[in-house]
Amino acid sequence: MDVRVHPTVAGADGTGTPTGTPVVDAPPSRLPSLTGLRWIAALLVFGFHAATMGIVAEPALKAVVDKTFALGLSGVEFFFVLSGFVLVWSARPGQRRRDLWRRRLAKIYPNHLVTWAAALLVGWWFADPLPLRATVENLLLVQAWDPTPGHFYSVNTVSWSLSCELFFYLALPFALPVVRRMRPAALAAVVVAVPLLIVALWPAQQLVPETDRWWFTQIFPVVRSMEFWLGVAAAELLRRGRWRGPGLAVASGIFVATWLVAALWVRAELWAGLMAATYVLVIAAAARADVQDRPTPWRGRRMRWLGEVSFAFYLVHVLVMVTVLRLTGHRGEGLPGWWGPVAVLGFLLVNLVLAGLLHRWVETPMMRRLAPPRRRPAVEPPTAPEPAVVPESAASAAAPPGAVARVPAQRSGDPDQPLTYAGRRDPV
């Protein structure tokens, strides 16, 4: 149902925040391009780990791989920004906190449990030491809070990021009412400030004991939540029609240029801040393109499937590569000549197959079984003063050629009521 209302009811308090009665609007659009972009981020992380494992031994080829994926670890940063963006964008009216928590656990925990058990089996096979505390911390996804060396990277090493995500999920429902009330200028300030704060972490880490500095800047959930809140603020701005970032083509060009310049000439201490800024531009631009129904390279069927399996791919890729390299005796030595790149390509395909199986037989059915059912939100009856309802035909006739009447966002007495998209839906 699409009810168009007079745009004068929005922003009547001068803050840019809609006021007045709730209005009925289409539910927030799906964002298929963001699903496709998840695969790109997973691929960057894969390339980084393939480079740091030294799979390619030929010096000339190794130099190319190392430079190409020097910033690949920032793919995790992309996931954190994307997580905040998508959760705010998809928040529903009247959504209960426990429903959000249950849905997110149903998404991440079954895959985590399977890969945790697989990593334990691999460790048992190689007779690796498995400290009980680290093993239990990893199982419960609290390992990122423990700065003890070897604990936050325990069992399936990449699951430290799930420990951070779990903290984000727990915090968001309490912060969301505050986010809904923030002025656009405050949200924009968050978007600008977060990359600067990330850069400031490097001098600030001098206040932390040297043995804990890597954990503090790279793992600690409170610190890593800055990227999550960056995505939260950007999503809220876009939902209100207040996002002023570039289009997808320009944002993608900025990303590529930043990646190349940073890899070649910028100090590593600045990488995380630079990439956070470029990632939020790309994410918001892709989301806006989806809302406006513009074609993008990331929303095709194959890209969406790759994005859907990217979480499983992320969880299995290091475990598979390390296990095979240990079994073949090539860990730390690499493969000579072109065998190195061939092995990387082989790992990519094997991990993709395993990720597809994990997604098909674990992630998807467990989501259906464990996640709470989606509840259709009730539409509140209008309260005085009622806005003038403009029929769609009249609104179209009154609008200038090529324009689309703005639909003000919802606002009710419930602070958890999400704002519907209030920006332009037509391509410009």
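Analyst: Let us begin with a pair of helices. Helices are DSSP runs of H or I with at least four residues, and strands are runs of E with at least two, numbered from the N terminus. Here H12 and helix H13 (residues 339–370) pack at an angle of about 125°, and their axes lie 7 Å apart. The model is a predicted one, in which local features need pLDDT of at least 70 and side-chain atom pairs count only at pLDDT 80 or more, while totals for chains, interfaces and linings use all residues. Residues are numbered from 1 along each chain as its sequence is written, and side-chain values use heavy atoms, with hydrogens and water left out.

User: At what angle do helix H3 and helix H11 pack, and how is such an angle read?

Analyst: Axes are lines fitted to C-alpha atoms, for helices over the stretch in contact, and angles run from 0 to 180 degrees between N-to-C directions. Angles under 35 degrees count as roughly parallel, over 145 as roughly antiparallel, 65 to 115 as roughly perpendicular, and the rest as oblique. H12 and H13 are therefore oblique to each other. Helix H3 (residues 74–90) and helix H11 (residues 271–291) pack at about 40°, with axes 9 Å apart, so H3 is oblique to H11. The residues that make this contact (heavy atoms within 4.5 Å) include Phe78, Phe85 and Trp89 of H3 and Tyr279, Ile283 and Ala287 of H11.

User: What is the handedness of the crossing of H12 and H13?

Analyst: A crossing is left-handed if the near helix is turned anticlockwise from the far one by less than a right angle, and right-handed if clockwise. H12 passes H13 in a right-handed crossing, and H3 passes H11 in a right-handed crossing too.

User: How many residues does the largest nonpolar core have?

Analyst: A nonpolar core is a set of buried Ala, Val, Leu, Ile, Met, Phe, Trp, Tyr and Cys residues joined through side-chain atoms within 4.5 Å. Buried means under 20% relative accessible area, exposed over 50%, and partly exposed in between (1.4 Å probe, protein chains only). The largest core has 103 residues, and those with the most contacts inside it include Leu34, Trp243 and Phe85. Helix H12 (residues 301–328) gives the most to this core, with 14 residues. At least three core residues come from each of domain 1 (39–70 + 300–372) and domain 2 (78–293), with bounds from an automatic or database domain assignment. Leaving out residues up to four places away in sequence, Phe85 touches, among others, Leu31, Leu34, Leu238 and Ile283.

User: Which residues does Leu176 contact, neighbours within four places in sequence aside?

Analyst: Leu176, found in helix H6, is in contact with Val88 and Ala91. The C-alpha atoms of Leu176 and Val88 are separated by 7.9 Å, although these residues are 88 residues apart along the chain. Leu176 is buried, with a relative accessible area of 7%.
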